[in-house]
Amino acid sequence: MAQHEHVRVAVIGSGFGGLGAAVRLRREGVTDFLVLERAGSVGGTWRDNSYPGCACDVPSHLYSFSFAPNPDWPRTFSGQQHIRAYLEHVADTFGLRPHLRLDHEVTVMRWDNDELHWVIETANGSTITADAVVSATGPLSDPKLPDIPGLAAFPGKVFHSAQWDHDYDLSGKRVAVIGTGASAIQIVPEIQPKAGRLTLFQRTPPWVMPRMDRAISGAEKWLHRALPFTATARRGLLWGIRELQVGAFTKHPNQLGLVESIAKSNMARAVKDPALRAKLTPSYRIGCKRILLSNAYYPALAQPNVDVVDSGLSEVRGSTLVGSDGSETEADVIILGTGFHVTDMPIASRVVGADGITLAESWKDEMQALRGATAAGFPNWMTIIGPNTGLGNSSMILMIESQLNYMADYLRQLDVLGGRAALDARPSAVGAWNRRVQDRMKRTVWNTGGCTSWYLDANGRNTTVWPGTTAEFRRATRSVDLGEYEVIRPPVTHSTAQAVTEEAAR
Ligand SMILES: Cc1cc2nc3c(=O)[nH]c(=O)nc-3n(C[C@H](O)[C@H](O)[C@H](O)COP(=O)(O)OP(=O)(O)OC[C@H]3O[C@@H](n4cnc5c(N)ncnc54)[C@H](O)[C@@H]3O)c2cc1C
């Protein structure tokens with residue numbers, strides 16, 4: 001049966017962003033909120049990506065909430081099951097369950113100019129109204145399927161890395177993996193021993209650095225539990241090292257040459273065949289695309305049951321996969337490691353703002369948001385991991401926590417304004433912020449490194465990565481500058497005008 005609820009805040013999504021927002025809301029004393037999640041459980045990225053080998057590539061003690069340290073991380077780079085369990089634990093520990101509405105996919109949210117609230121509709125027929133929306137639907141949550149002629153008619157099995165079919169047995173099969181991004185390089189070493197034949201279709205080779213992964217000892221766990229400041233110090237050190245690297249990515253890409261030599265020796269150690277090494281050697285500056293970490297990827301590619309087609313996949317003819325170089329490969333199964341809708345976030349076409357246009361229309365030339373959070377014409381709507389908040393070398397949880405500071409101050413400012421009020425980012429403020437970000441972007445390795453990557457949108461603009469340190473972003477999002485916003489009050493109707501006059505007369 002259709003329900004209708006009103007809440008102060010509706011959070012969309014229950015990954016790190018949505019759960020982090022929920023914890024922060026409770027800590028701010030806001031209990032009148034819901035978390036709407038399309039899936040049947042929490043976890044976001046770490047619920048959906050269950051492919052073999054899935055793990056974080058930022059150390060776990062940094063890739064976790066500062067307010068919920070976990071002394072029991074099993075490895076320096078923990079696996080998907082452990083990160084997912086951590087997020088379930090956060091939902092329990094911080095009392096978030098009563099706020100969760102699972103299996104509630106948001107189909108549309110519309111700003112109501114009269115009531116000054118959002119009207120949110122979900123796929124299961126409920127309507128929820130909310131004074132403010134925190135959209136935490138994830139930067140990498142909607143799989144991108146490649147537009148390859150003939151793929152739809154492939155007679156075998158096809159699945160995306162984020163939708164792994166655990167019932168499908170790869171043993172002895174002719175497996176084709178499409179893509180060489182972060183997911184593909186974790187998958188390949190895991191499935192190579194099982195596959196009869198594995199063909200990797202590569203468009204651009206990634207730079208792959210050694211992965212300093214190891215089990216965390218019982219003594220370390222004990223120490224972090226008994227003396228929590230040791231875990232804080234460990235986190236601080238992991239953070240500090242990454243902050244020091246930022247200048248090379250953002251201002252001095254030439255300094256990254258040294259890092260390239262480490263990556264080249266990582267390859268040379270495992271790949272002895274010069275022809276294969278040539279295929280796997282990138283021709284762009286390291287860091288331009290995300291730097292990947294693996295000790296197992298190159299050794300797997302050097303195995304006799306593996307082929308690398310370095311021209312990419314151009315067509316599928318029945319069960320034959322045709323490379324752009326004309327090569328033909330027979331396959332039983334195609335695994336798509338083809339990434340996500342990043343610069344064309346699907347949620348944007350479901351958000352309808354004050355002028356009746358969608359966020360996707362408003363962002364048709366370029367996605368942009370004030371301090372990575374708010375968009376002009378979309379009052380009281382903010383996004384977690386919005387435009388230009390991504391990182392190339394550190395933990396996204398640092399950025400999420402900065403955005404939660406901003407969210408908390410935004411809600412405080414609404415309280416101070418009192419009554420029913422809304423804040424709408426001024427177009428001039430959004431424009432100025434975006435110009436500053438794009439100016440700084442010009443010198444970065446992501447723009448000058450000579451590659452195309454998923455950081456860039458269809459127009460070649462980098463609308464995803466933050467061109468600075470996480471400390472700079474923390475400062476920029478510490479509080480809301482009201483000068484950057486227009487305050488909106490409810491329209492004066494005949495009855496409100498009369499009430500105000502009567503009040504004044506008393
Ligand atoms: C395989 C993989 C590995 C990664 N490893 C790292 C790493 O090591 N370090 C790092 O910093 N980052 C990593 N990332 C990036 C990662 O996406 C972020 O770190 C973080 O998990 C994002 O959290 P989020 O809550 O913003 O988004 P998500 O975790 O994607 O959560 C978004 C949630 O919103 C829900 N949702 C979406 N649309 C709707 C809708 N219309 N209605 C209701 N619910 C909706 C989704 O179901 C999902 O639960 C990785 C990403 C992937 C895919």
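Guide: Arg8 is buried, with a relative accessible area of 18%; buried means under 20% relative accessible area, exposed over 50%, and partly exposed in between, with a 1.4 Å probe and protein chains only. The model is predicted, so local features need pLDDT of at least 70 and side-chain atom pairs count only at pLDDT 80 or more, while totals for chains, interfaces and linings use all residues. Residues are numbered from 1 along each chain as its sequence is written, and side-chain values use heavy atoms, with hydrogens and water left out.

Side chains of opposite charge can pair when their charged atoms come close. Arg8 forms a salt bridge with Asp415, and their closest N and O atoms are 3.1 Å apart. This pair links distant parts of the chain, as Arg8 is in strand S1 (residues 4-12) and Asp415 in helix H11, 407 residues apart. Helices (H or I, at least four residues) and strands (E, at least two) are DSSP runs, numbered from the N terminus. A salt bridge is a side-chain nitrogen of Lys or Arg within 4 Å of a carboxyl oxygen of Asp or Glu, and by this rule the count comes to 28 salt bridges.

Another of these bridges joins Glu115 to Arg420, the closest N and O atoms being 3.9 Å apart. Here too distant parts of the chain are linked: Glu115 is in the loop between strand S4 (106-112) and strand S5 (117-122), and Arg420 is in the loop between H11 and strand S19 (422-425), 305 residues apart. Glu115 counts as partly exposed at 40% relative accessibility, and Arg420 counts as partly exposed at 43%. Arg97 forms a salt bridge with Glu88, with 2.7 Å between the closest N and O atoms. Arg97 is partly exposed at 33% relative accessibility, and Glu88 is partly exposed at 22%.

Next come the cysteines. The structure holds 1 disulfide, that is, a pair of cysteine sulfur atoms within 2.5 Å. Cys288 and Cys451 form this disulfide, with their sulfur atoms 2.0 Å apart. The torsion about their S-S bond is about -90°, so the disulfide is left-handed. Cys288 lies in the loop between helix H8 (274-280) and strand S11 (292-293), and Cys451 in the loop between H13 and H14, so the pair ties together parts that are 163 residues apart in sequence. Both Cys288 and Cys451 are buried. By contrast, the sulfur of Cys54 is 8.9 Å from the closest cysteine sulfur, that of Cys56, which is too far for a bond. Cys56 is in no disulfide. Cys54 is buried at a relative accessible area of 8%, and Cys56 is buried at 3%.

Aromatic rings complete the picture. The structure holds 17 aromatic pairs: rings of Phe, Tyr and Trp (its six-membered ring) pair if their centres lie within 6.5 Å, and planes under 30 degrees apart count as stacked, over 60 as edge-to-face and the rest as tilted. Phe67 and Phe94 form an edge-to-face pair, 5.7 Å centre to centre with 85° between the planes. Ring pairs also link Phe67 and Phe94 into a cluster with Phe16, Trp46, Tyr63, Phe65, Trp73 and Tyr86.
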